[in-house]
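Take a walk through this structure, one region at a time. Keep the sequence and the model side by side.

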Amino acid sequence: GGGGGGGAAAAAEGTEARRHVVSFPAAGSGGSAEWASTLGEPRRRLPRAPPEAPAPPPPPAREVAAAAEAAEAEEERMCRICHCGSEAGALFSPCLCRGSIGLVHVECLNAWRRHGASRRAFHTCPACGFRYRVARTRWASVCRDERVVAACALLALGVVVAALGAVLGGAGVGLSIDLAGQLYRALAWVPPWRGSRRGWWWARAAQALDRTVLGAVAAGAGGG
């Protein structure tokens, strides 16, 4: 039994010793192909590793420099007076200065002009000598007033409600449908200006109120 096992091991070593790898040029390519064969057995081709994908070409140096300059400019957007960014307010360029001193907040510039060391600093940039154009800044301060913004919003809402009411009221008259009356019945509500006979002026006012209600409902439904 031991002699038979040793003979089998010796035979396996002999077979492994007779196994060899042959490399020769592959047809149609500049490389070489490897073939493995064992004496007494047909040759078989060994699997080849897939070729590596070529590395993408690097971006042009001009594009890299432009991207770096844009990122640096974005990071350096700050007010030259308070050194805060756009989170503290809108930044703008009031003069011909560029770079780190080219941007400023409106409030910071106005404070600088009021408390400047000289009267010339009120209307002229001390760095480049550019004369400020303050007319636009005054209008900007008025438009940024919360009361003005609220009044404009209410006015715009009133115009939208009136326009929608006029359209719906006119459509109801053209179709001979009392849209306001149907709305009141759906809400189980009788407005105080309905059913009162006080003259033609009251009828006109009641009609305007009905159209205002229709416009408000339509605006609310459209916004929702």
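In which loop is the place of His83? His83 sits in the loop between α2 (61-75) and β4 (91-92). Helices (H or I, at least four residues) and strands (E, at least two) are DSSP runs, numbered from the N terminus.

This is a predicted model, where local features need pLDDT of at least 70 and side-chain atom pairs count only at pLDDT 80 or more, while totals for chains, interfaces and linings use all residues. Residues are numbered from 1 along each chain as its sequence is written, and side-chain values use heavy atoms, with hydrogens and water left out.

Back to His83. His83 is not a glycine, yet has a positive phi of about 60°. His83 counts as exposed, at 55% relative accessibility. Ala188 lies in the loop between α6 (179-187) and α7 (200-223). Its relative accessibility is 73%, so Ala188 counts as exposed.

Now the overall plan. The chain has seven helices and five strands. Along the sequence they follow the pattern α-β-β-β-α-β-β-α-α-α-α-α. Of the 224 residues in the chain, 19% are buried. The chain exposes about 16,700 Å², and carbon and sulfur atoms supply 62% of that area. These areas come from the Shrake-Rupley method with a 1.4 Å probe; for residues, only the protein chains shown count as cover. A contact means heavy atoms within 4.5 Å. Among contacts in the chain with a separation of 6 or more, 33% come from residues 24 or more positions apart.

Next, the cores. A nonpolar core is a set of buried Ala, Val, Leu, Ile, Met, Phe, Trp, Tyr and Cys residues joined through side-chain atoms within 4.5 Å. The largest has 10 residues, including Cys79, Leu91, Val104, Cys125 and Tyr132. Val104 touches Cys79, Ile81, Ala90, Leu91, Phe92, Pro94 and Leu109, not counting residues up to four places away in sequence. Another core lies apart from the largest one; it has seven residues, among them Trp193, Trp202, Ala206 and Leu214.

For Cys79, the nearest cysteine sulfur is that of Cys82, 3.8 Å away. Cys79 is buried, at 0% relative accessibility. For Cys125, the nearest is that of Cys95, 3.7 Å away. Cys125 is buried too, with a relative accessible area of 0%.

Finally, the rings. Rings of Phe, Tyr and Trp (its six-membered ring) pair if their centres lie within 6.5 Å; planes under 30 degrees apart count as stacked, over 60 as edge-to-face and the rest as tilted. The whole structure holds two aromatic pairs. The ring centres of Tyr184 and Trp189 are 5.3 Å apart with planes at 90°, so this pair is edge-to-face. Trp189 and Trp193 are also edge-to-face, at 6.0 Å centre to centre and 85° between the planes. Tyr184 is buried at 4% relative accessible area, Trp189 is partly exposed at 37%, and Trp193 is buried at 15%.

Note on methods
Buried means under 20% relative accessible area, exposed over 50%, partly exposed in between (1.4 Å probe, protein chains only). A disulfide is a pair of cysteine sulfur atoms within 2.5 Å.
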